[in-house]
Amino acid sequence: MSSPKKATTEPHVIKEELIASGKWVKLEKTTYVDPSGSTRTWETAKRTTRVADSAADGVAIIALLKRTLHKDCVVMVKQFRPPMGCNTLEFPAGLIDDNESVETAALRELKEETGYKGEVVGITPVTCLDPGLSNCTTQMVMVHINGDDIENINPTQQLGDGGTYLFSNKNVILLPLDEFQQKIDELLQKEKIVVDSKVYIYAMGMSQAFFKPRELPVLKQ
């Protein structure tokens, strides 16, 4: 005789209580029911800046610079991140403003952070960033940049008020698409820098697509 199956419950949140709040981030105690039916609590970090009618907090831009007689390059930014205590290598990114579409936010952030003007060619669904810690979400926006356009020959950053204060040390780095992972690995050997996980996963995918369709280089280390 088989034993009866254990009942399961659809996990759900019961309530969220504010623990502390700052200008940009707040901490909440989340009370929820797990699949076994037990009531538990979690500590959740949230941004205070999410626009009411937006499902995502911000955008991250995979920008491909295309120029005649040059390799296609991914446009990256290097910046000091206080929580990490060091420089990070990231895609250009930023928060979505009030009454702003994902496309508009992406092109604005790209222009502000890198000086480049681009064209949106693709947008991902809303994706989570660190779901064990936060409800923070983003949409990845694919952008093509015509590097032969006069506006993109000598681009200059156009940082807004918040950007001027937070990211005055932002550096724009161009990495060839067909050597993306290799160039990142070389950068890691030269200086103390942490790579955003989205960036490195994209680099692994590009390496696999270009050179090793049957294996991922990282698995050989």
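## Terms and model

A residue counts as buried when its relative accessible area is under 20%, as exposed when it is over 50%, and as partly exposed in between, with a 1.4 Å probe and protein chains only. At 3% relative accessibility, phenylalanine 91 is therefore buried.

The model is predicted: local features need pLDDT of at least 70, side-chain atom pairs count only at pLDDT 80 or more, and totals for chains, interfaces and linings use all residues. Residues are numbered from 1 along each chain as its sequence is written, and side-chain values use heavy atoms, with hydrogens and water left out.

## The chain as a whole

The chain has four helices and 12 strands. These are DSSP runs numbered from the N terminus: helices are H or I with at least four residues, strands are E with at least two. Of the 221 residues, 36% count as buried. The chain exposes about 13400 Å², and carbon and sulfur atoms supply 55% of that area; accessible areas come from the Shrake-Rupley method with a 1.4 Å probe, and for residues only the protein chains shown count as cover.

A contact means heavy atoms within 4.5 Å. Among contacts between residues at least 6 apart in sequence, 56% join residues at least 24 apart.

## Aromatic pairs

Rings of Phe, Tyr and Trp (its six-membered ring) pair if their centres lie within 6.5 Å; planes under 30 degrees apart count as stacked, over 60 as edge-to-face and the rest as tilted. A search of the whole structure finds three aromatic pairs. One of them joins phenylalanine 91 and tyrosine 202, which are edge-to-face at 5.8 Å centre to centre, with 80° between the planes. Phenylalanine 91 lies in the loop between β6 (86–90) and β7 (93–95) and tyrosine 202 in helix α4 (residues 197–210), so this pair ties together parts that are 111 residues apart in sequence.

Tyrosine 202 is partly exposed, with a relative accessible area of 21%. Its ring also pairs with that of phenylalanine 180: the centres are 5.8 Å apart and the planes stand at 75°, so this pair is edge-to-face. Phenylalanine 180 is in helix α3 (residues 180–190), 22 residues from tyrosine 202 in helix α4, and the pair links distant parts of the chain. Phenylalanine 180 is buried, with a relative accessible area of 1%. Ring pairs link Phe91, Phe180 and Tyr202 into a cluster.

## Helices α3 and α4

The axes of α3 and α4 come within 7 Å and cross at roughly 135°. Axes are lines fitted to C-alpha atoms, for helices over the stretch in contact, and angles run from 0 to 180 degrees between N-to-C directions. Angles under 35 degrees count as roughly parallel, over 145 as roughly antiparallel, 65 to 115 as roughly perpendicular and the rest as oblique. The two helices α3 and α4 are therefore oblique to each other.

On the α3 side, the contact is made by Phe180, Gln181, Ile184 and Asp185; on the α4 side, by Val199, Tyr200, Tyr202, Ala203, Met204 and Ser207.

## Two further residues

Alanine 93 lies in strand β7 and is partly exposed, with a relative accessible area of 26%. Leaving aside residues up to four places away in sequence, alanine 93 touches Val59, Ala60, Ile61, Glu109 and Glu113. The C-alpha atoms of alanine 93 and isoleucine 61 are separated by 5.9 Å, though the residues are 32 apart along the chain.

Arginine 50 is in the loop between β3 (39–47) and β4 (58–66). Arginine 50 is partly exposed, at 30% relative accessible area.
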